[in-house]
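I opened this notebook to record what I look up, entry by entry. The chain and its model come first.

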Amino acid sequence: GSLSRAAALLGVSQPTASINLAGLERNCGTLLLHRRPRLALTEAGRDMLIRARLVLSRMHELEGSINTFRDLSRGSLSVGFSTPAFAMPMIAAFMREYPGIRIRCRLGNTSGLLEALASCQIEVAVMTLIDPPEGMACRKIAQQRLMACVPAASVPGGLSLQELAAGPLIVREAGSMTRLMLERAFALHGLSPNICLEVASREAAKEAIAAGIGFGVVLDGEMGNDSRLAAVQIKAPPICGNVYAVALPESLDLPA
């Protein structure tokens with residue numbers, strides 16, 4: 001009924017309320033309240049009040065929706081990984097803690113996952129890296145060592161780098177971290193590998209080794225349980241990489 005009572009309800013001074021009202025009317029280009037003989041809504045003011053209440057109710061709905069994302073009761077997270085043995089236990093723990101978050105998974109090699117992160121196709125990736133990439137937020141999870149993967153009981157004492165290079169050698173596709181680590185070790189010792197087969201996944205490499213096509217390499221944390229195969233040491237200084245959870249720095253502000 002009066003600007004002074006409105007100002008008191010809002011906790012501001014009467015002149016401030018009057019200035020705000022005048023500014024609102026100026027922006028709208030029309031009078032919203034009659035001042036005399038008493039304060040009353042104009043026709044435009046009544047129309048605006050109805051619409052403003054609808055907008056405010058939608059704003060409250062929006063705030064409620066945002067809060068459900070903020071408190072992790074709903075939402076989604078896109079996770080890429082090259083190392084299922086490390087990623088899946090972490091994903092399982094996250095899903096138990098936050099059952100309302102929908103998880104989307106993507107399997108790939110290190111190179112492809114870094115590209116997917118940079119283009120925002122995924123939000124976090126679990127992968128093995130020799131060095132953390134610049135411009136990414138990286139958290140170390142574990143260390144892995146490169147091992148020779150051979151048919152069970154065929155070379156129990158391990159293989160030298162020279163023997164591994166002599167092959168026949170099965171390698172992963174370009175972009176695979178295991179391949180990059182092996183190539184760097186060969187280059188360091190001036191070795192040229194005798195590659196007999198290139199495959200596009202860890203599982204395909206294991207099947208090729210089990211079939212007797214040749215030798216391969218695998219990271220010790222990703223060998224799994226396969227009675228047909230054995231992981232044996234490479235007789236050389238340890239060839240190691242670290243498993244990281246990797247994300248764009250700006251994506252760390254996403255609640256999930």
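How many aromatic pairs does the structure hold? I worked on a predicted model, and I found 1 aromatic pair in the structure.

Entry on the rings.
I noted that a pair of aromatic rings is described by the distance of the centres and the angle of the planes. I then looked up the accessibility of both residues. Phe94 has a relative accessible area of 18% and is buried. Tyr98 has a relative accessibility of 27% and counts as partly exposed.

Entry on two helices.
I turned to helix α1, residues 3-10, and helix α2, residues 14-28. Their axes are 8 Å apart, and the helices pack at an angle of about 100 degrees. I therefore wrote down α1 and α2 as roughly perpendicular to each other. Which residues meet there, I asked, between α1 and α2? On the α1 side I listed Leu3, Ser4 and Ala7, and on the α2 side Gln14, Ala17, Ser18 and Leu21. Sorted by class, this contact has 4 nonpolar residues, 3 polar ones and no charged ones.

Entry on Thr110.
I located Thr110 in helix α5, which covers residues 110-118. Is Thr110 buried or exposed? Its relative accessible area is 4%, so I put Thr110 down as buried. A polar atom of the Thr110 side chain lies 3.3 Å from the backbone oxygen of Thr128. Setting aside residues up to four places away in sequence, I found that Thr110 touches Ser82, Met127, Thr128, Leu129, Gly175 and Met177.

I found Asn109 in the loop between β4 (101-107) and α5. With a relative accessible area of 17%, Asn109 is buried. Its contacts, leaving aside neighbours within four places in sequence, include Ser82, Arg172 and Glu173. Ala174, Gly175 and Ser176 are also among the contacts of Asn109. I next asked what lies 2.8 Å from a polar atom of the Asn109 side chain. I found the backbone nitrogen of Gly112 there.

Gly112 is in helix α5. I recorded Gly112 as partly exposed, with a relative accessible area of 27%. Last, I looked up Gly112 and Phe81, which are 31 residues apart along the chain. Their C-alpha atoms are separated by 9.9 Å.

Notes: Residues numbered from 1 in each chain as written. Predicted model: local features only at pLDDT ≥ 70, side-chain atom pairs only at ≥ 80, totals over all residues. Heavy atoms only, no water. Axes fitted to C-alpha atoms, helices over the stretch in contact; angles between N-to-C directions. Helix = DSSP H or I, 4+ residues; strand = E, 2+ residues; numbered from the N terminus. Parallel < 35°, antiparallel > 145°, perpendicular 65-115°, else oblique. Contact = heavy atoms within 4.5 Å. Nonpolar A, V, L, I, M, F, W, Y, C, P; charged D, E, K, R; others polar. Phe/Tyr/Trp six-rings, centres within 6.5 Å; stacked < 30°, edge-to-face > 60°. Buried < 20%, exposed > 50% of the residue type's maximum accessible area, 1.4 Å probe, protein only. Polar contact = N/O pair within 3.5 Å; in protein donor to acceptor, adjacent residues only side chain to side chain.
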